[in-house]
Amino acid sequence: MLCDALGRPLRLLLTGGEKADCQSAPALLAGQPAKAVIADKGYDTNEIRAFIRTKRMKAVIPAKRTRKHQYRHDKQLYAKRNLIERCFGKLKIHRRIATRFDRNDTHFMGFLYLACSLFWIN
């Protein structure tokens, strides 16, 4: 999920449970204007950092412990990542989403879009 600065969902991608989240990052970020990309350690790959750099955005991603070169990140800006975590929490209030009640991808995404549209009503 890609969120804006206010924690509202902008783009959703459904991937398999075995697929790493970082593999879908370029598809989520494509065509999105932003000054910075805030993500957790799961998105700390050279490919994502290079993609963000080519788009002239600032990467606010903490480095994994196993990384030889430890990148620095803006800790105050990184604290705003809680907005996307709160967005996930609001979505998971709906039992249908939290338990993946719908087995059909089309139905599941349809309900996700419906639930995400409620974030934009205020």
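View 1. Leaving aside neighbours within four places in sequence, A36 is in contact with K58, V60 and L77, where contact means heavy atoms within 4.5 Å. This is a predicted model, in which local features need pLDDT of at least 70 and side-chain atom pairs count only at pLDDT 80 or more, while totals for chains, interfaces and linings use all residues. Residues are numbered from 1 along each chain as its sequence is written, and side-chain values use heavy atoms, with hydrogens and water left out. A36 belongs to strand β3, residues 36-38; helices (H or I, at least four residues) and strands (E, at least two) are DSSP runs, numbered from the N terminus. A36 is partly exposed because its relative accessible area is 26% (buried means under 20%, exposed over 50%, partly exposed in between, with a 1.4 Å probe and protein chains only). A36 and I61 are 25 residues apart along the chain, and their C-alpha atoms are separated by 10.0 Å.

**View 2. L2 in strand β1.** Strand β1, residues 2-3, holds L2. L2 counts as buried because its relative accessibility is 14%. Apart from neighbours within four places in sequence, L2 is in contact with R8, P9, L10, R11, L28, L29 and Q32. From L2 to A79 the C-alpha to C-alpha separation is 16 Å, and the two are 77 residues apart in sequence.

**View 3. T45 in the loop between β3 and α2.** T45 lies in the loop that runs between β3 and α2 (46-54). With 16% relative accessibility, T45 counts as buried. Not counting residues up to four places away in sequence, T45 touches C22 and R67.

**View 4. The largest pocket.** The largest pocket has a volume of about 1,400 Å³. A pocket is an open set of points on a 1 Å grid over the protein atoms alone, where a 1.4 Å probe fits, with protein on both sides within 12 Å along at least five of seven lines; lining residues have an atom within 4 Å of a point. Grid points are joined across faces, edges and corners, and the volume is the space filled by probe spheres set on the points. Of the 46 residues that line the largest pocket, M1, L2, Y43, I84 and F88 lie nearest its centre. Elements giving two or more residues to this lining are β1, α1 (25-29), β3, α4 (82-91), α5 (95-98) and α6 (105-117). The most comes from α4, with five residues.
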